[in-house]
Amino acid sequence: MKKYIQLFIAIMLCSLSTSAQDLHTLDKEIPCLNKTFSIYMHVTLDSLRETSWTVEKMQSAVDVTNQYFEPICTQFEICQIDTLENWTWDSLSRDYRVDEINRLFYQENRINIYLVDRFDDPTVCGFAQTPGVNNPSNAKIYLRDGCLPHEMGHLFGLLHTFEGSGVENVNGSNCDVAGDLVCDTPADPYVEGAMIQWLGENCEFIFTGTDINGEFYQPHVGNIMSYYGCDCGFTRGQYIKMANTWLDSQRKMW
């Protein structure tokens, strides 16, 4: 119970305010999956047959992810590791050879994680199937570095806090049909690649733009599914959505 409390305190401390949107989830219990998912690690080697991914580094990434997923009684464990010796696979993009790799090496009823040392876009940490955990034949993550909790969030159905359907209002009036569709993640104006200074020192949100109603944004800069780099945790609504992504799926991994 202590760890659960610490996680929720962390996300509150890393946000600038508590939004009225939080009221949407206060009366909902967080489901408990009581589930351990098996992970199959596929490690790509470079032209020198080397990789930065040691067993210890892999396990550390999984351990951190397990801490974040404790509130929905979900854990992950590495069940198998293999190496992919074609060095051209050590630098990937979303559109280049990922389907080929997945076709050759994917193992059903596992979360398949393909570990590389670089992507063709150096700003990319990883990408995942969204959602993927509800499909035993498509649960896959491509990962470069320490963003496994973020990518696992995608696998369990979460969008980025700044993406989704339509523009979310700061007051939360359209939170169930716009933005990331999670009502306790405040509206987030972040735009990928925009030449805008979003943060000051100590993860202080300093963007001065407003929404259509003239209200200032106050996103959770500490949300794992944001792009601010101040990761602290998920919200209650995100936990509920992740758990339900699994519970509502017709096909389930054993």
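## Exercises on strands, a helix and backbone geometry

Asn112 stands opposite Lys140 in β7. The structure is a predicted model, in which local features need pLDDT of at least 70 and side-chain atom pairs count only at pLDDT 80 or more, while totals for chains, interfaces and linings use all residues. Residues are numbered from 1 along each chain as its sequence is written, and side-chain values use heavy atoms, with hydrogens and water left out.

**Exercise 1.** Determine which strands pair with β4 and whether its residues are buried or exposed.

*Solution.* Step 1: helices (H or I, at least four residues) and strands (E, at least two) are taken as DSSP runs, numbered from the N terminus. Two strands pair if DSSP finds at least two bridges between them.

Step 1: β4 covers residues 111-115. Strand β1 (residues 35-44) pairs with β4 in the parallel sense over five bridges, and Met41 stands opposite Ile113 in β4. Strand β7 (residues 140-143) also runs parallel to β4, and four bridges join the two.

Step 2: buried means under 20% relative accessible area, exposed over 50%, and partly exposed in between (1.4 Å probe, protein chains only). Five of the five residues of β4 are buried. Ile111, Ile113 and Leu115 cover one side, and Asn112 and Tyr114 the other.

**Exercise 2.** Identify which residues touch the most other members of the largest nonpolar core.

*Solution.* Step 1: a nonpolar core is a set of buried Ala, Val, Leu, Ile, Met, Phe, Trp, Tyr and Cys residues joined through side-chain atoms within 4.5 Å.

Step 1: the largest core has 48 residues, of which Ile111, Met152 and Phe156 touch the most other members.

Step 2: contact means heavy atoms within 4.5 Å. Not counting residues up to four places away in sequence, Phe156 touches residues including Phe37, Phe69, Pro131 and Met242.

**Exercise 3.** State where Pro131, Cys73 and Leu181 lie, and describe their backbone geometry.

*Solution.* Step 1: most residues other than glycine have a negative phi, and most peptide bonds are trans.

Step 1: the peptide bond from Thr130 to Pro131 is cis, with omega near -20°. Pro131 lies in the loop between β6 (126-128) and β7.

Step 2: Cys73, in the loop between α2 and β2 (74-84), has a positive phi, near 55°. Leu181, in the loop between α4 (148-155) and α5, has a positive phi near 70°. Leu181 is partly exposed, with a relative accessible area of 40%.

**Exercise 4.** Describe the surroundings of Asp145.

*Solution.* Step 1: Asp145 is found in the loop between β7 and α4 and is partly exposed, with a relative accessible area of 36%.

Step 1: the C-alpha atoms of Asp145 and Leu115 are separated by 8.3 Å, although the two residues are 30 residues apart along the chain.

Step 2: beyond four places in sequence, Asp145 touches Trp53, Lys57 and Cys125.
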